[in-house]
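Subject: Handing over a structure

Dear colleague,

I am passing on the structure below, and my notes on what was found in it follow after it. Please read them with the model open beside you.

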Amino acid sequence: MKAEHQLQLEREAASNNEPMATILLQNLLIQVEEQLDRVSQEKNLLLIHNLKRIRKLLQGKYHGNPMHIAVIISNCLREERRILAAASMPVQGPLEKSLQNSVVSERQRNVEHKVSAIKNSAQMTEQDVKYLEDLQEEFDFRYKTIQSLEQNDKNSALIKQEMLTLQDMLNTLDYKRKEVLSKIVQVIDEIDVLMNNMLIEELLDWKRRQQIASIGGPLHGGLDQLQNCFTLLAESLFQVRRQLEKLEELLTKLTYDGDPIPLQRPQMLERVNFLLYSLFRNSFVVEKQPCMPTHPQRPMVLKTLIQFTVKLRLLIKLPELNYQIRVKATIDKNISTASNRRFVLCGTHVKAMNMDESANGSLSVEFRHLQPKEMKSSAGSKGNEGPHMVTEELHSISFETQVCLYGLTIDLETSSLPVVMISNVSQLPNAWASIIWYNLSTNDPQNLSFFNNPPAATLSQLLEVLSWQFSSYVGRGLNSEQLSMLAEKLMGQQTSYSDYQLSWGKFCKEHLPGKSFTFWVWLEAILDLIKKHILPLWIDGYIMGFVSKEKERILLKDKMPGTFLLRFSESNLGGITFTWVDHSENGEVRFHSVEPYNKGRLTALPFADILRDYKVIMADNVPENPLKYLYPDIPKDKAFGRYYSCQPNEVSRPTEGIKGYVPSVFIPISKILNDSTDPHSPSDLLPMSPSVYAVLREHLSPTVIETALSPPYSAD
């Protein structure tokens with residue numbers, strides 16, 4: 001299990017570490033080769049074919065850009081963790097429920113069914129136009145034959161009968177022209193209704209799902225289905241357009257009084273062109289929002305002079321457009337922002353869309369080398385901006401192109417969701433808070449003045465999003481008890497939180513009562529602590545984490561002595577502590593909390609090893625580990641044994657160390673004072689190995705040892 005977690009961490013680290021990504025890609029290719037050798041001996045032709053394709057794809061597409069495949073794998077692992085975490089969560093939140101609404105799914109199926117029906121109708125109309133063309137050619141031939149006869153021959157009874165036949169044919173032609181035009185109008189009407197009543201709504205729903213996914217929610221899907229619908233509708237409209245062109249061609253060969261083609265065709269062609277313009281303009285979408293490869297789980301936060309990636313897709317996939325559409329990227333084009341800062345994009349900002357770079361063959365383009373640079377003219381305004389102003393400024397990355405196809409020229413433009421520009425990585429937490437609040441609160445893709453008057457958020461939805469931060473970033477979401485503790489921290493004691501509205505200021509700008517930091521800074525520090533130091537323990541659910549001191553005493557008071565739980569510090573940023581219960585000689589229940597461990601101390605000693613080796617000295621007694629059972633009753637070694645870096649007895653002997661030095665292993669030791677009124681020392685506890693402590697006991701008095709130890713308790 002420990003090795004599995006380590007491998008997972010390496011794969012995620014590779015998404016922003018090119019040397020590591022290169023090594024892992026080479027290892028992956030080696031494993032593919034080994035599997036290919038094995039299945040070749042088994043003569044499994046299908047598997048051989050698939051492995052060869054995988055090898056070719058890895059060598060061709062990703063060999064020169066190993067971080068690209070590393071980001072893809074990292075995202076897949078993130079979604080896998082989210083799914084596993086969601087499976088353990090008893091209740092879906094309101095946002096996730098809305099995304100999985102059965103009515104929405106039914107509408108998706110209806111759209112796909114109607115698009116297929118329209119495609120069939122357009123094909124049937126094609127056959128009607130062909131029949132009309134054949135009928136008109138026959139009429140034209142017979143009419144010209146009569147016209148070529150001498151005047152005397154035209155008076156014969158046979159010719160008069162032929163003229164009557166031609167009149168009947170002309171009547172049939174007139175009827176068929178009206179019928180074909182009526183069928184074409186019906187197809188156009190069906191496309192119009194489907195586009196404006198259902199397909200565009202589906203697209204807006206996809207964009208909303210993309211917003212939610214960008215802040216840690218369920219990964220959005222459905223873009224391939226939308227592409228299929230857009231493409232089929234475009235093909236149907238172009239087919240109708242060709243049918244109208246054919247009718248114009250027939251018109252030049254034959255017309256008559258009351259001919260319906262010149263009366264109806266111009267308006268019909270205008271409608272078709274308008275629908276094509278609308279369809280193309282809606283089909284130009286940002287498939288992957290701007291994101292720095294170094295922070296794949298913090299999209300839409302961009303740092304000056306740091307590269308970011310963004311991917312565009314045209315949902316109308318026509319072979320004629322491959323490599324024919326050049327997309328240009330700009331920033332804050334024609335948009336008034338509340339910021340005094342102005343930026344330009346450096347790097348390759350013009351690229352052609354193609355079907356070769358995407359695994360699914362979509363018509364897309366990915367910008368991988370764009371860098372935002374702040375213009376000098378705006379540099380002087382920085383000093384007038386408060387600490388939160390920069391991270392509340394919203395900017396927009398815009399993309400424009402032009403499609404020229406079958407005589408049509410269509411200008412296309414789209415924009416990313418609002419991004420926050422930072423100049424220092426220390427601004428990242430507050431910038432990410434802005435991205436969360438924006439995408440939680442609105443589905444408006446371009447409200448750059450949003451933070452001039454940010455709306456309040458429903459607490460139930462905010463708590464759901466906070467759980468997503470944990471499931472997407474550190475692999476395990478929050479349960480109802482943990483979320484209740486966060487709600488209480490935000491709002492105080494309430495009978496119900498369901499309809500409570502929380503302000504932006506209380507979430508991110510106002511300090512917690514009695515603290516020097518905001519709620520969001522406190523929570524972000526915990527996320528960082530988990531990610532870097534205690535990830536396996538968190539993923540496996542051994543850290544209760546969010547529990548108040550009052551609640552932990554209620555949980556522990558009836559448990560066996562030595563029962564402990566792990567919780568995050570409420571008074572220290574990025575700290576984790578453990579509290580255990582024991583009984584005094586007269587049976588009184590006592591609770592002990594160790595001073596919180598922060599990332600500095602956990603860098604020196606893994607947290608699992610701290611739990612294993614932790615010792616307490618009571619007066620002059622022999623040091624012992626008070627931690628016996630993880631709440632509620634899990635033996636400590638059963639819970640954490642797989643995470644220990646070594647066994648306790650694996651202590652280096654003095655002769656094994658560097659010459660002139662005595663080797664040691666760090667262990668934490670605390671002393672519990674008999675007199676509870678004695679002041680607590682704020683200094684950190686000194687780690688010590690078991691062998692070194694044994695040596696000290698032989699050569700030093702307990703009083704001397706005692707001076708090297710400090711009490712473990714904190715006010716946390």
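This is a predicted model, in which local features need pLDDT of at least 70 and side-chain atom pairs count only at pLDDT 80 or more, while totals for chains, interfaces and linings use all residues. Residues are numbered from 1 along each chain as its sequence is written, and side-chain values use heavy atoms, with hydrogens and water left out.

Let me begin with the helices. Helices (H or I, at least four residues) and strands (E, at least two) are DSSP runs, numbered from the N terminus. Helix H7 (residues 157–214) and helix H8 (residues 223–253) are therefore roughly antiparallel to each other, a term for angles over 145 degrees, whereas angles under 35 count as roughly parallel, 65 to 115 as roughly perpendicular and the rest as oblique. The axes of H7 and H8 come within 11 Å and cross at roughly 155°; such axes are lines fitted to C-alpha atoms, for helices over the stretch in contact, and the angles run from 0 to 180 degrees between N-to-C directions. Their contact comprises 22 nonpolar, 2 polar and 2 charged residues, where Ala, Val, Leu, Ile, Met, Phe, Trp, Tyr, Cys and Pro count as nonpolar, Asp, Glu, Lys and Arg as charged, and the others, Gly among them, as polar.

On the H10 side the contact (heavy atoms within 4.5 Å) is made by Pro429, Asn430, Trp432, Ala433 and Ile436, and on the H14 side by Trp520, Val521 and Glu524. These residues divide into 6 nonpolar, 1 polar and 1 charged.

Turning to the sheets, two strands pair if DSSP finds at least two bridges between them. Within it, strand E4 (residues 326–331) is joined to E6 by 3 bridges, and lysine 328 has valine 350 of E6 as its bridge partner.

Strand E7 (residues 363–374) runs antiparallel to strand E3 (residues 308–314), to which 6 bridges join it, and valine 310 has phenylalanine 367 of E7 as its bridge partner. E7 also pairs with strand E5 (residues 343–346) in the antiparallel sense over 4 bridges, with phenylalanine 343 opposite glutamate 374 of E7.

Another open sheet consists of 5 strands in the order E15-E14-E13-E17-E18, and here the pairing is mixed. Its edge strands are strand E15 (589–593) and strand E18 (634–635), each of which pairs on one side only. Strand E13 (residues 563–568) and strand E14 (residues 576–583) pair in the antiparallel sense over 5 bridges, and leucine 566 has phenylalanine 578 of E14 as its bridge partner. Helix H14 (residues 519–539) lies across E13 and E14, at about 145° to E13, while helix H15 (residues 549–556) lies across E13, E14 and E15, at about 160° to E13.

Finally, two local points deserve a look in the viewer. Most residues other than glycine have a negative phi, and most peptide bonds are trans. Methionine 300, however, has a positive phi of about 70° although it is not a glycine, and this methionine 300 is found in the loop between strand E1 (284–291) and strand E2 (301–303). A cis peptide bond, with omega about 5°, joins tyrosine 631 and proline 632, and proline 632 has its place in the loop between strand E17 (629–630) and E18.
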